[in-house]
Amino acid sequence: MRRVGFFGGTFDPVHLGHLVPAVRAYETFRFEAMVFIPGARPPHKLGEPLTPFSHRFAMLALATQPYDRFLVSAIESERKGPTYTVDTLRALRERLSVEQLYFLMGSDSFSQIGSWNRWQELVELAHLVVLHRDTVWGKALEARVPEVLLGRMRTIEPFRKVPDPEPGSRWIYLLEHEPFPISATHLRERLRAGLTIHELVPPEVHRYIVKHRLYHQGDERSDGI
Ligand code: ATP
């Protein structure tokens, strides 16, 4: 059965903490394709400065180029106002004839799912694949998610075969991969402090950041568009 993975985020910038778990998920679930979706105006970051969408998109395009079946979608730049994941997933379902949608998110994001816009609708539109972030996992994670979701959660070992779910069911898979403890915030702070991030992003992304002088004092971070 056709399975496609979607990975939404700010990606400001994309880093190995996104890519390594994404490849683990891609291989474990045997996705036909993996689509990265940079957010135009993420609702939880509305008050914060954001690097222009064009730069974040370009860095994702460079980072995903080596992978045949990794794509980047500009779908969220088409909408005005805050971009809610539930609307993106609905639009994707209407546009693509994909039988099984899997939406990836880090466990920190999943721990806040109860505050996401129309989360009850969101969990019916796609299966969720929760990536292991060392900040919240296990019992601490379970304690934070809406109780009604607990019965849908199942832990998956990387590379173990994941059977096709029964038609109509929606699962939340916790992917027990080794955590990769970095964040874009940490990278931006290192760059501003004049420290290297060479080992934390693909070389093409590093070259792009240097060329466009991103994340330095007086940089180009604005309202995201
Ligand atoms: P920031 O520090 O700017 O908030 P971030 O590094 O958390 O950024 P985002 O672009 O906000 O990255 O994240 C996109 C998605 O990727 C989110 O669901 C987030 O939880 C997940 N993610 C980010 N970093 C990691 C990581 N190191 N391991 C697993 N998931 C991650």
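Let's start at H18. An N or O atom in the H18 side chain sits 3.0 Å from an oxygen atom of the ligand. That is a polar contact, meaning a pair of N or O atoms within 3.5 Å. One caveat: this is a predicted model, where local features need pLDDT of at least 70, side-chain atom pairs count only at pLDDT 80 or more, and totals for chains, interfaces and linings use all residues. Residues are numbered from 1 along each chain as its sequence is written, and side-chain values use heavy atoms, with hydrogens and water left out.

D108 brings a side-chain N or O atom to 2.5 Å from a ligand oxygen. G106 uses its backbone instead: an N or O atom there lies 2.9 Å from an oxygen of the ligand. On its own, the ligand has 600 Å² of accessible area, and the protein covers 91% of that (Shrake-Rupley method, 1.4 Å probe).

How many residues surround the ligand? There are 21, and the closest are K45, D108, F180, A184 and T185.

A184 takes us to helix 7, residues 184-192. Helices are DSSP runs of H or I, at least four residues; strands are runs of E, at least two; both are numbered from the N terminus. Which residues of helix 7 are buried? A184, L187, R188 and L191. Buried means under 20% relative accessible area, with a 1.4 Å probe and protein chains only. Seen down the helix 7 axis, the buried residues fall within an arc of 95 degrees, so they line one face. The arc is taken from the directions from the helix axis to the C-beta atoms. They pack against helix 8, 203-211, where contact means heavy atoms within 4.5 Å. Just after helix 7, G194 takes a positive phi of about 80 degrees.

Now the rings. The structure holds twelve aromatic pairs. Rings of Phe, Tyr and Trp (its six-membered ring) pair if their centres lie within 6.5 Å, and planes over 60 degrees apart count as edge-to-face. F7 and F11 have ring centres 5.5 Å apart and planes at 90 degrees, so they are edge-to-face. Both are buried.

F29 and Y173 are next: centres 5.1 Å apart, planes at 70 degrees, so again edge-to-face. F29 lies in helix 1 and Y173 in strand 7, so the pair ties together parts 144 residues apart in sequence. F29 is buried at 0% relative accessible area. Y173 is buried too, at 1%.

Last item: ring pairs link F7, F11, Y26, F36, Y67 and F70 into a cluster.

Terms used. Buried means under 20% relative accessible area, exposed over 50%, partly exposed in between (1.4 Å probe, protein chains only). A residue is near a molecule or strand if one of its heavy atoms lies within 4 Å of it. A polar contact is a pair of N or O atoms within 3.5 Å; within protein, one must be able to donate a hydrogen and the other to accept it, and residues adjacent in sequence count only if both atoms are side-chain atoms. Rings of Phe, Tyr and Trp (its six-membered ring) pair if their centres lie within 6.5 Å; planes under 30 degrees apart count as stacked, over 60 as edge-to-face and the rest as tilted.
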